[in-house]
Amino acid sequence: MLSWAGNWRGKKQHGKLDWHGYLFILPILAVLVFLDFSPLAYGIYYSLTDFSLLHIFNYSYVGARNYYIILFENNPSLATLIWQTFVWSGGSIILMSSLGFMLALLMNQPGIRGTKLYRTIYLFPWAYPAFITILIWKGLLDYNLGFINKVLAMVGVEKVYWLGLSSTSMFSMILVNLWLSFPYYTFVYTAALQSVPKELYDAARIDGYGTTGTVRKVALPLLKRQISFVTIFGFIFTWNNFYIPFLLTGGGPGTSTYILITYAYNEVSIAYPSWGLASAYAMINVLILLVFVILINKFTRMMSVVY
Amino acid sequence: MEINGKVVDKPGEEHFSVSRNLHFRRVRIIKRIATHLVLIAVAVYSIFPIYYMFVNSLSPGITLASVSINSLLPLPTRLNLANYTGLFRFDGSALLNIWLPNTLFYSGSATIIALGLSFSAGLALSRFRIPGKRVILYMMLILSTFPLAIMVIPLYDMFSELSLTNSYFGMIILYSGGAVIFNAWLIKNFTDGIPADFEESAQIDGHTRTQALFRVLLPMVKPVLIMSMLLAFFGPYSDYLLINMMVSNGKLDNMAQGLYKYSQISSQAINFGQFSAFSIVMGLPIFILFIVFQRYLVSGFSIATYK
């Protein structure tokens, strides 16, 4: 392991303010302005126009009409889309985080052999580009030709419409996300568990706690902050995780597996190009994210790392 | 706890230390076997899709329909490279002539640009007393939770206005800009953990401040540089979201777009062997880089989230 144990508060710096330093951070500022703030500004502007394939050269200001369409006219409704995004993100994070924590606990037991080998193997789903493995999963889960249904048929279980029914496809998406993401949580939680001093585990054993007792009374209270931080960030990351919903189901069947970001991308700007409407969706998503960031900051004091 | 509870609860049994030990040992062995069973099951789950892809890429004439347990456990003599040679000829050798060179060009230039910019910015943010630094750090932190993905539609509007769509230049701006902020943030945090005494003594030896930073600090931050290099390379390598939005000219396509063409189930059904071979050709380099440099990546990702 590297020593990442940085001094997060930074060294106390003295002396005069250094305008010369701007030379070095100019690229950062340029990126912030050009790739973050201007698209935001452009996004707000275009969300108020009818910029679409029909009006590609002569779009005009239409006021809040796009937002009106999103709120009152469009099907699926905004509430449905937000709910689907929430189910996707919440369901994924619960499964990923608990599987990761469980594996970290299992491998952290004293005297378990081969943990190094297991850990290397658990890296595989993380190490292989997700874009490719999602497409592989799509083939595996296919109703007629997929390998998983073939195995089920051999055991005598009825085939499952993994991606073809609105009731199962969200679940399949979450399962694929679990495969892709549990390694990350396993590694983070392993590092967290190893940061707890060994003496505490020994003391718990002497006090007569078994495995579950040690976890409940020692590990969980000490790691509460880290676990909540990882979980919240995982939730936000999954909220905007584009590739799984886009590649695996493409929003279907119907619109049952669209999340906000794939809906804006796929339905509004590729299938029926209306970039003004899509921008309005993006702005709504930015707004939701801002609310999340404010909430997180309230609960975890994320911003304290800056000082 | 159970073990201890049982032993203490039953008076009389505590004299039979032999049977107590036996019982204790038996429970421990059962627990250990159960642990390994779970760990092995997860290991199989992790490996299976990658193994499936690998074997199918070597099985000539395989289709999605003909994949079976037998075809997944083939005799070595039945495997050959026919799918790979077929893949390189497909679509006028588009993989070798367009997709692969484009991908390497995008990823390579984004890596070089992002690394240079984020290195100087990260050092400056760690070491210089820049006016307004805290505001800039806040912005970076907030915006790093906003992936470019949610900005892609406003970005498209903006880039089309500036005629940056359908151009290598536009893509490289996006890719290097997408990596700079997070990498600068990483480098800043890593540098904060290195005492300033090293550069100060170099300055006493007669180097200028900039010289001291680049000559003395550069070798010490090597781990974080390797990590940001890999991150900057991985991002564009399997990007589909941005390029599919920004580019409609097939000459600028990358490998992810090529693979996507193969990936539709109808085409997977026919060209499944070639699709698998494509998945290996595209994914294996990233996979190997990830496994080789895992200690940099894993520790870096954990510092990025839960501190």
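**Entry 1: chain B**

I began with burial in chain B and found that 43% of its 307 residues are buried. I noted the rule I used: a residue is buried if 20 or more other C-beta atoms lie within 10 Å of its own, exposed if 12 or fewer, and partly exposed in between, with C-beta atoms placed from the backbone. I recorded that this is a predicted model, in which local features need pLDDT of at least 70 and side-chain atom pairs count only at pLDDT 80 or more, while totals for chains, interfaces and linings use all residues. Residues are numbered from 1 along each chain as its sequence is written, and chains are lettered from A and ligands numbered from 1 in the order in which they are written.

I then looked up the secondary structure of chain B, which consists of 15 helices and zero strands. Helices (H or I, at least four residues) and strands (E, at least two) are DSSP runs, numbered from the N terminus. Of the contacts in chain B with a separation of 6 or more, 73% are between residues 24 or more positions apart. Two residues are in contact if their C-beta atoms, placed from the backbone, lie within 7 Å.

I found two domains listed for chain B, domain 1 (2–58) and domain 2 (90–305); such bounds come from an automatic or database domain assignment. Four residues of domain 1 of chain B touch six residues of domain 2 of chain B. On the domain 1 side, I read two nonpolar, two polar and no charged residues. For these classes, Ala, Val, Leu, Ile, Met, Phe, Trp, Tyr, Cys and Pro count as nonpolar, Asp, Glu, Lys and Arg as charged, and the others, Gly among them, as polar.

**Entry 2: a loop of chain B**

I examined the loop between helix 6 and helix 7 (168–192) of chain B, where B:Ser163 lies. B:Ser163 is not a glycine, yet its phi is positive, near 50 degrees. I counted B:Ser163 as exposed because it has 10 C-beta neighbours inside 10 Å. B:Asn166 is also placed in the loop between helix 6 and helix 7 of chain B, and its phi is positive too, about 55 degrees, although B:Asn166 is not a glycine. With 15 other C-beta atoms within 10 Å, B:Asn166 is partly exposed.

**Entry 3: chain A**

I turned to chain A and found twelve helices and zero strands. Buried residues account for 40% of its 307 residues. The C-alpha trace of chain A spans about 75 × 75 × 30 Å along its principal axes. Among the contacts in chain A with a separation of 6 or more, 65% join residues 24 or more positions apart.

I looked at helix 5 (residues 130–140) of chain A, in which eleven of eleven residues are buried. Its buried residues include A:Phe131, A:Trp137 and A:Lys138.

I also checked the peptide bonds and noted a cis one between A:Asn75 and A:Pro76, with omega about 0 degrees. A:Pro76 sits in the loop between helix 2 (65–73) and helix 3 (78–108) of chain A.

**Entry 4: a helix pair in chain A**

How do helix 7 and helix 9 of chain A pack? I read an angle of about 150 degrees between helix 7 (residues 166–194) and helix 9 (residues 211–239) of chain A, with their axes 11 Å apart. Axes are lines fitted to C-alpha atoms, for helices over the stretch in contact, and angles run from 0 to 180 degrees between N-to-C directions. Helix 7 and helix 9 of chain A are therefore roughly antiparallel; angles under 35 degrees count as roughly parallel, over 145 as roughly antiparallel, 65 to 115 as roughly perpendicular and the rest as oblique. The residues in this contact include A:Tyr185 and A:Val188 of helix 7 and A:Leu223 and A:Gln226 of helix 9.

**Entry 5: between the chains**

I found 88 residues of chain A and 88 residues of chain B in the contact between them. Helix 1 of chain A gives the largest share of the chain A side, 15 residues. That side holds 64 nonpolar, 19 polar and five charged residues.

I then followed helix 1 (residues 22–47) of chain A to helix 6 (residues 148–161) of chain B: their axes come within 8 Å and cross at roughly 85 degrees. These two helices are therefore roughly perpendicular. Among the residues making this contact are A:Tyr42 and A:Tyr46 of helix 1 of chain A and B:Met151 and B:Asp157 of helix 6 of chain B. I recorded eight nonpolar, two polar and one charged residues for this helix contact.
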